[in-house]
Amino acid sequence: MDLECSRDGLMYEQYRMDSGNTRDMTLIHGYFGSTQGLSDELAKQLWMVLQRSLVTVRRDPTLLVSVVRIIEREEKIDRRILDRKKQTGFVPPGRPKNWKEKMFTILERTVTTRIEGTQADTRESDKMWLVRHLEIIRKYVLDDLIVAKNLMVQCFPPHYEIFKNLLNMYHQALSTRMQELASEDLEANEIVSLLTWVLNTYTSTEMMRNTELAPEVDVGTLEPLLSAHVVSELLDTYMSTLTSNIIAWLRKALETDKKDWVKETEPEADQDGYYQTTLPAIVFQMFEQNLQVAAQISEDLKTKVLVLCLQQMNSFLSRYKDEAQLYKEEHLRNRQHPHCYVQYMIAIINNCQTFKESIVSLKRKYLKNEVEEGVSLSQPSMDGILDAIAKEGCSGLLEEVFLDLEQHLNELMTKKWLLGSNAVDIICVTVEDYFNDFAKIKKPYKKVRRWDLPQSLPSEARESRLLSLATCAAFSCTACT
């Protein structure tokens with residue numbers, strides 16, 4: 001500073017006496033040539049301290065205070081020289097230094113590097129890379145701002161507004177980083193992680209609404225980290241990917257369930273003894289998981305995901321109906337296979353009731369307004385498909401009974417029956433055996449019903465079978481009655 005003052009004083013006097021004498025001015029400047037180098041070296045030391053200011057303020061705050069005092073001193077000299085320039089037009093070399101401005105540039109660059117340097121993993125090395133990255137950012141930013149609020153403000157003059165400036169720097173650096181992440185080819189779960197962090201975590205008590213930052217940080221004044229347009233694009237991408245995933249998951253779940261239909265062992269039963277398969281549980285567990293994830297982002301997205309789930313459920317049930325019909329037709333071509341056809345058809349019928357109950361439960365849990373567009377209208381359609389599946393299944397089961405009884409029913413009222421036949425006993429045992437299975441059908445599909453013979457039978461055959469059943473009943477077949 002002494003060297004600069006001597007140089008600047010001599011150059012100013014020379015300028016006053018003879019401003020056009022560049023030779024003498026160059027001579028003075030050359031004599032003090034190393035002064036600028038000293039100034040540059042000092043600046044380097046200042047910037048090094050500032051780059052580590054968050055660490056320095058905790059270990060040696062007096063060092064940071066010294067740096068700020070030097071910068072403030074140079075700012076005063078800059079202002080004095082600029083005021084004199086208005087009168088004389090003279091400005092010494094290297095002035096104004098603008099070290100205060102450079103200080104904020106250094107701090108801003110440091111903040112940006114701090115944010116960018118938190119990514120330790122990639123998708124290839126860790127599927128949870130984004131979650132880890134965002135959590136590290138959250139922790140670092142919160143810790144840094146707490147230190148800035150409690151310690152750094154004491155090292156700077158009030159008019160520097162150091163905490164306000166640092167808050168803006170961190171916010172801008174975060175916004176830039178979130179934009180970069182949003183522009184990457186993110187997977188569905190990564191989009192959820194990013195949006196949850198941007199829309200919820202950032203403004204929560206875990207971060208900017210933390211009590212240690214109050215009242216200096218007003219969340220309401222912070223600009224969104226991502227623009228509405230970018231958020232909308234991410235949500236569109238997420239919904240498109242989720243649609244594809246749900247379709248694939250439902251298809252896989254149905255294929256897995258179909259493999260169970262041909263097993264040699266009976267299906268599992270619930271706590272009340274009703275046959276069932278795992279299909280409804282798998283489907284609605286998947287729906288629940290996606291709805292819970294969507295709810296973390298926003299109510300609007302949760303509703304959109306619910307609508308999507310119900311729409312895909314509608315399409316899925318149509319495929320389920322077709323597969324159940326194919327299952328029945330394949331069995332009729334070879335009634336020896338599959339071994340547990342009746343039991344699995346009962347499970348399919350029971351699944352229809354489980355699906356209906358699960359749909360109602362899902363809507364009640366995740367839909368605040370039942371009359372929201374596109375949601376309330378989906379229930380009757382699905383109920384109709386499920387009732388059709390169950391009705392077709394029940395008709396198939398009754399048809400199965402008659403196919404087993406046909407030979408023995410035909411013996412009734414014949415010469416063979418009069419001469420002695422165990423047809424009635426076989427009929428009773430068979431019907432009772434089926435009755436035990438049919439008892440495992442859930443309400444409302446298990447109900448007292450008349451013997452509805454398949455409509456495909458000729459009227460004469462239907463009358464003959466009904467007469468045979470009536471005769472069978474006359475011989476005290478309790479299972480039939």
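A residue counts as buried when its relative accessible area is under 20%, as exposed when that area is over 50%, and as partly exposed in between. In the present model, which is predicted, Cys 428 has a relative accessibility of 16% and is therefore classed as buried. Cys 309 is likewise buried, its relative accessible area being 0%. A disulfide is a covalent bond between the sulfur atoms of two cysteines; the structure contains zero disulfides.

A separation of 16 residues in sequence lies between Ile 136 and Ala 120, and their C-alpha atoms are 9.3 Å apart in space.

Helix packing was examined for H1 and H3. Two packed helices are described by the angle between their axes and the distance between the axes. For helix H1 (residues 2-17) and helix H3 (residues 33-51), the angle is about 140° and the axes lie 10 Å apart. The two helices are therefore oblique to each other, since an angle has to be over 145 degrees to count as roughly antiparallel. The crossing of H1 and H3 is left-handed. On the H1 side, the contact involves Leu 3, Glu 4 and Arg 7, which meet Thr 35, Gln 36, Leu 38 and Ser 39 of H3. By residue class, this contact of H1 with H3 comprises two nonpolar, three polar and two charged residues.

Definitions and conventions
Residues numbered from 1 in each chain as written. Predicted model: local features only at pLDDT ≥ 70, side-chain atom pairs only at ≥ 80, totals over all residues. Heavy atoms only, no water. Axes fitted to C-alpha atoms, helices over the stretch in contact; angles between N-to-C directions. Helix = DSSP H or I, 4+ residues; strand = E, 2+ residues; numbered from the N terminus. Parallel < 35°, antiparallel > 145°, perpendicular 65-115°, else oblique. Left-handed = near helix turned anticlockwise from the far one by under 90°. Contact = heavy atoms within 4.5 Å. Nonpolar A, V, L, I, M, F, W, Y, C, P; charged D, E, K, R; others polar. Disulfide = S-S within 2.5 Å. Buried < 20%, exposed > 50% of the residue type's maximum accessible area, 1.4 Å probe, protein only.
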